[in-house]
Amino acid sequence: MMNQTLTMPTPEALDALREAVRTEMSPGRFEHTAAVEEMAARLSSLYCPEKEPILRAAALLHDLTKEKKASEQEALCESLGIALSPTDRLSPKTHHAKTAAALIPTVFPSFAHEEVISAVRYHTTGRADMTLGEKIIYLADYIDESRTFPDCVALRVCFWSAHPEIMEMEERLDFLDKVILLSFDMTIRALLSEGAPISPDTVSARNSLLCAKAKRKI
Ligand SMILES: [Fe+2]
Ligand SMILES: [Fe+2]
């Protein structure tokens, strides 16, 4: 169950969570997780310093179940009451966002904050009308410093070379949307080239950013 009354995680609580998460995953996955945490902290300092502890927690938890096999993910979805559509079943790599989010309240109840859970839930696909916290974890996962995939490197360079830190907040927020929109274009192009299905949440996420962009121009 989500809990909106939880207090901000303390540095000590985050240290304990980091160690608990480390034991749940391979060294390689933990290296990525730690890099996402650092990128989430950097992005928080630009956009919402008050949310940094919450977003560090979300980053630490985002790939909690990533290393489970497709069959284990499906079994976990079944046991957690997560319905999978036929399209979902064609994209097993997206299951871990659902299972990780669903496990937080029972496995790490002191981090079952609404913003942690939703940021974990939508970190792979995005969704329409993403919250700032969801956008930060989504982007941190795409451009963390451990990523060497060409699209990720290109997006990381695109983001930081524009110097968002010297932008006014309104421009900085628009720029965040612009970079996330680019990431959806990259993801959709890659999925098309593989003949893979595209999550309806990703299509909705991209469309909602396009609508927000059109509204800003009015
Ligand atoms: Fe992930
Ligand atoms: Fe990840």
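Tutor: Let's start with burial. A residue is buried if 20 or more other C-beta atoms lie within 10 Å of its own, exposed if 12 or fewer, and partly exposed in between, with C-beta atoms placed from the backbone. Take His163: with 10 C-beta neighbours inside 10 Å, His163 counts as exposed. His163 lies in the loop between H9 and H10, and has a positive phi of about 55 degrees although it is not a glycine.

Student: Before we go on, what kind of model is this, and how are things numbered?

Tutor: This is a predicted model, where local features need pLDDT of at least 70, side-chain atom pairs count only at pLDDT 80 or more, and totals for chains, interfaces and linings use all residues. Residues are numbered from 1 along each chain as its sequence is written, while chains are lettered from A and ligands numbered from 1 in the order in which they are written.

Student: You keep saying H-something. How many helices and strands does the chain have?

Tutor: Those labels come from DSSP runs, numbered from the N terminus: helices are H or I runs of at least four residues, and strands are E runs of at least two. Here the chain has eleven helices and zero strands.

Student: And what about the overall dimensions?

Tutor: One handy number is the radius of gyration, taken over C-alpha atoms; the globule rule is 2.2 Å times the number of residues to the power 0.38. For 218 residues, a compact globule would come out near 17 Å, and the chain has 17 Å, which agrees. The C-alpha trace spans about 45 × 45 × 35 Å along its principal axes. Of the 218 residues, 34% count as buried.

Student: What goes into a nonpolar core?

Tutor: In soluble globular proteins, nonpolar side chains tend to be buried together. A nonpolar core is a set of buried Ala, Val, Leu, Ile, Met, Phe, Trp, Tyr and Cys residues joined through C-beta atoms within 7 Å. The largest one here has 40 residues, and those with the most contacts inside it are Ala40, Ala58, Leu61, Val116, Val120, Ile137 and Ala140. Among the helices that each supply at least two residues of this core are H2 (27–47), H3 (52–61), H7 (114–121) and H8 (132–143).

Student: Which residues does Ile137 touch?

Tutor: Two residues are in contact if their C-beta atoms, placed from the backbone, lie within 7 Å. Leaving out residues up to four places away in sequence, Ile137 touches Ala40, Leu55, Ala58, Ala59, His62, Ala119 and His123.

Student: Is Asp141 buried or exposed?

Tutor: Asp141 also lies in helix H8, and counts as buried because it has 25 C-beta neighbours inside 10 Å. Leaving aside neighbours within four places in sequence, Asp141 is in contact with Val36, His62 and His123. Asp141 and Glu37 are 104 residues apart in sequence, yet 8.7 Å apart in space, C-alpha to C-alpha.

Student: Why is H7 described as largely enclosed?

Tutor: Six of its eight residues are buried, so H7 is largely enclosed by the rest of the structure. The buried ones are Glu115, Val116, Ile117, Ala119, Val120 and Arg121. What covers them includes H3, H6 and H8.

Student: How do I describe two helices that pack together?

Tutor: Two packed helices are described by the angle between their axes and the distance between the axes. Axes are lines fitted to C-alpha atoms, for helices over the stretch in contact, and angles run from 0 to 180 degrees between N-to-C directions. For H3 and H8, the axes come within 10 Å and cross at roughly 45 degrees. H3 and H8 are therefore oblique to each other; angles under 35 degrees count as roughly parallel, over 145 as roughly antiparallel, 65 to 115 as roughly perpendicular and the rest as oblique. Where they meet, Ile54, Leu55, Ala58 and Ala59 in H3 face Gly133, Ile136, Ile137 and Ala140 in H8.
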